[in-house]
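Welcome! Please take a look at the sequence and the 3D structure below, and then we can walk through a few features together.

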Amino acid sequence: MPSSREQYIHRLGRTGRAGTEGKGWLILGPFESLFLEELKRIDVPRDATLSEILKDPFSGGDDGVVEKAIEEMEARVGSGDKVFSLSGQRAYQAFLGYYLGQMKRIKIKSKERLVDIANEFSGA
């Protein structure tokens, strides 16, 4: 989630430069949906194709390539792969650190709820 409306506009603007066109996707978790209220007067259309992909990312007709890659990563983490485990720990800590500072903005009322959301998001 962008840290502000202005950052979102700036990042989206970087998708097209010097007269070229660009396209950006804003993917939010349910707990981040209040950010859309900050984008008043900006047309943020819902992309039906992307929504369907996100509902079932393994139905893309890729012969299971994505699913297999995810299973391999999960196996590496589960077997104690130090690189993946450390990366996962750092990502989890970064998530908590960022959203701790965003709790009022996205109306999370307690640190315990934030940890619940982080656990849901991480698949823990």
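## Two packed helices

At what angle do helix α5 and α6 pack, and how far apart are their axes? In this predicted model, helix α5 (residues 82-100) and α6 pack at about 140°, and their axes lie 10 Å apart. Axes here are lines fitted to C-alpha atoms, for helices over the stretch in contact, with angles from 0 to 180 degrees between N-to-C directions.

On the α5 side, the contact (heavy atoms within 4.5 Å) is made by Y92, F95, L96, Y99 and L100. From α6 come K111, L114, V115, I117, A118, N119, F121 and S122. These residues divide into 10 nonpolar, 2 polar and 1 charged (Ala, Val, Leu, Ile, Met, Phe, Trp, Tyr, Cys and Pro count as nonpolar, Asp, Glu, Lys and Arg as charged, the others as polar).

## Helix α4 and what follows

The 14 residues of helix α4 (residues 65-78) should span 20 Å at 1.5 Å a residue (1.5 Å times one less than the number of residues). The end C-alpha atoms of α4 are 20 Å apart, which agrees. Just after α4, G80 has a positive phi of about 90°.

## Confidence and conventions

The average pLDDT (the predictor's confidence in each residue, from 0 to 100) is 82, and 92% of the residues score at least 70.

Residues are numbered from 1 along each chain as its sequence is written. Local features need pLDDT of at least 70, side-chain atom pairs count only at pLDDT 80 or more, totals for chains, interfaces and linings use all residues, and side-chain values use heavy atoms, leaving out hydrogens and water.

Technical notes:
Helix = DSSP H or I, 4+ residues; strand = E, 2+ residues; numbered from the N terminus.
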